[in-house]
Amino acid sequence: INEVRITGRWPRPTANEIPLDGVVLDHVLVSDVGPQTNLPPIDRVILAVRRAIAEYGLRFFEIRSFGFGVERPGKARRDIVSDVSLTGSVRDGRTVEAQAIGLGADGAVSLRLTSDLSPPGNPLVVKLETRGFDLADIASTTGRDDLDLSGSISLSGAVTVGAQGGIAAAGWQVVLGSSLRFGDTELDALAAPVRLDFEWNADKQQISLNPSPIVLSSGYLLAHGEVVPPQQDKLWTFDLKFEGQDVLSGIRTSDGRIAGSYDQASALLVMDDMHVEGAGISFTAAARASHRDGGTFAVLSGVSPRLPAAALKALWPVTLAPDVRDWVGTHIHSGQISNATVDLAMRGDAKAGGGIIAPEAALAFDFSDAAFTPFEDAPLIRDAVGHGKLSGNIFEITVDSGWVDLGSGRRLDMGASTFVVPVVDAKVPDGEVALRLSGTASAGIALWNRLPL
């Protein structure tokens with residue numbers, strides 16, 4: 001704190017306390033210096049402000065330039081918010097209003113607080129609203145600039161503080177997106193901003209996610225569940241459920257669940273149960289992720305006995321061989337996937353100044369009744385039966401049988417054929433095609449005319 005100005009009034013002859021008109025602070029910098037940083041609980045801060053107003057007559061306060069950042073040994077300070085102007089006033093001795101405007105990771109951010117002071121001995125309700133914050137701001141507060149995660153996030157809600165302290169009740173809504181990015185990849189599954197409705201249950205000591213719709217490009221999900229904060233040495237635990245519903249009819253089409261725990265001391269996230277079932281889809285997985293000491297490591301293993309080919313891209317992580325993922329979404333038009341397995345490992349090293357490193361993965365699946373085009377403007381291959389796999393940096397599709405539809409009743413039968421991308425992360429991935437075809441000469445000529453030679 002650079003400078004503090006306190007405006008007061010002479011006390012009344014019978015008083016032992018000096019009334020305060022206001023407090024002005026010039027420059028205030030706050031730093032998170034590591035895991036041992038102990039910020040004051042929000043309920044104690046709120047009660048301290050109420051006491052300053054009720055007992056000392058505080059009428060206004062101002063911070064002309066506020067900044068919050070993260071500092072670690074051997075590293076430059078990293079600002080989360082900067083150049084924040086904070087002003088507050090008290091009207092009629094009971095109505096409190098405060099505003100803050102400053103700079104975040106993606107431009108201007110703002111925060112607004114309002115409260116009507118209740119009589120002494122009664123709970124106090126504080127309303128909160130934020131605008132302009134980015135997921136990159138949230139990631140930075142945890143020291144994770146390497147995640148390359150960005151997208152708008154806002155919060156609005158109310159907190160009720162008990163007369164003697166403690167959070168008696170709270171309810172808030174978080175709005176995400178709809179445009180979210182992971183590195184250079186835009187997450188295109190969301191068709192509208194996500195509004196998540198949370199509530200704090202003081203009796204059960206848990207956070208409830210009330211039913212909240214998530215609008216997707218192909219339907220929508222209804223999310224709900226519970227998050228339990230740690231008590232003493234226990235872990236954070238969560239159990240979230242999702243119901244997929246058709247946009248027009250509202251009929252439930254699928255069910256999902258994600259349950260697990262988070263160890264804050266070890267920075268370890270464990271998802272024991274990840275499951276999706278319905279609409280021809282069955283997928284089960286387990287995952288672990290750690291971000292301790294500025295490094296990231298995550299592993300996931302999953303199996304799917306069945307799913308439609310259209311769902312393969314939806315379940316394919318956006319950071320995993322994105323060009324191949326786009327090819328799957330563009331060129332595989334229909335079919336049934338079976339016996340699919342996925343093993344994914346990814347890491348990032350914030351210490352070395354790097355971001356998330358391309359994940360290592362093994363993906364394998366069988367397909368049947370498939371219709372796909374191996375390249376742009378290629379004829380459609382129908383009733384294809386075969387196998388696909390992504391191993392390291394190689395993607396390969398093997399077709400055991402099928403036929404090439406050349407239109408006008410012309411076709412070529414397909415025997416054992418392969419489509420291989422030997423280096424999937426090349427700037428311009430090349431493909432190798434080996435076909436075994438049989439049919440009439442006219443069909444062969446029609447295929448020759450379609451090839452990009």
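**Largest cavity.** I started with the largest cavity and read off a volume of about 100 Å³. The model is predicted: local features need pLDDT of at least 70, side-chain atom pairs count only at pLDDT 80 or more, and totals for chains, interfaces and linings use all residues. Numbering runs from 1 along each chain as its sequence is written, and side-chain values use heavy atoms, with hydrogens and water left out.

I noted the rule for a cavity: on a 1 Å grid over the protein atoms alone, it is a set of points where a 1.4 Å probe fits but cannot get out, and lining residues have an atom within 4 Å of a point. Grid points are joined across faces, edges and corners, and a volume is the space filled by probe spheres set on the points. With a threshold of 30 Å³ or more, I get two cavities.

Which residues line the largest cavity? I listed Pro374, Phe375, Ala378, Pro379, Ile381, Val404, Met414, Phe419, Leu435, Leu437, Leu447 and Leu451. By class, that lining is twelve nonpolar, no polar and no charged. For the classes, Ala, Val, Leu, Ile, Met, Phe, Trp, Tyr, Cys and Pro count as nonpolar, Asp, Glu, Lys and Arg as charged, and the others, Gly among them, as polar.

**Second largest cavity.** Its volume is about 70 Å³. I find Ala309, Ile332, Gly335, Gln336, Ile337, Phe367, Ser368, Ala370, Phe372 and Ile397 in the lining. Seven of these are nonpolar, three polar and none charged. Strands S20 (332-349) and S21 (356-372) each supply at least two lining residues. Strands here are DSSP runs of E, at least two residues; helices are runs of H or I, at least four; both are numbered from the N terminus.

**Whole chain.** I count five helices and 27 strands. Of the 453 residues, 34% are buried. I use buried for under 20% relative accessible area, exposed for over 50% and partly exposed in between, with a 1.4 Å probe and protein chains only. Contacts are heavy atoms within 4.5 Å. Among those with a separation of 6 or more, 44% join residues 24 or more positions apart.

**Cores.** In soluble globular proteins, nonpolar side chains tend to be buried together. I therefore used this rule: a nonpolar core is a set of buried Ala, Val, Leu, Ile, Met, Phe, Trp, Tyr and Cys residues joined through side-chain atoms within 4.5 Å. The largest has 41 residues; Trp316, Val328, Ile337, Phe367, Phe372, Phe395 and Val399 have the most contacts inside it. S21 gives the most to this core, with five residues. Another core lies apart from it, with 15 residues, among them Leu135, Ile153, Ala170 and Ile207.

What does Ile337 touch, not counting residues up to four places away in sequence? I find Pro305, Arg306, Leu307, Pro308, Ala309, Leu312, Phe365, Asp366 and Phe367. Ile337 also lines the second largest cavity.

**Asp134.** I placed Asp134 in strand S8 (residues 133-134). Is Asp134 buried or exposed? It is buried, because its relative accessible area is 5%. A polar atom of its side chain lies 3.2 Å from the backbone nitrogen of Gly151. Beyond four places in sequence, Asp134 contacts Asp106, Leu149, Ser150, Gly151, Ser152 and Ile153.

**Ser118.** Ser118 sits in the loop between strand S6 (107-116) and strand S7 (124-131). At 19% relative accessibility, it counts as buried. Its side chain has a polar atom 2.6 Å from the backbone oxygen of Pro123. Leaving aside neighbours within four places, I list contacts with Arg50, Pro123 and Leu124.

**Phi check.** Most residues other than glycine have a negative phi. Ala267 has a positive phi of about 55°. Ala267 lies in the loop between strand S16 (252-263) and S17 and is buried at 8%. Ser408 also has a positive phi of about 55°. Ser408 lies in the loop between strand S23 (394-405) and strand S24 (411-414). Ser408 is exposed, with a relative accessible area of 75%.

Definitions and conventions: 1 Å grid on protein atoms, 1.4 Å probe; cavity = no way out; pocket = protein on both sides within 12 Å on 5 of 7 lines; lining within 4 Å. Polar contact = N/O pair within 3.5 Å; in protein donor to acceptor, adjacent residues only side chain to side chain.
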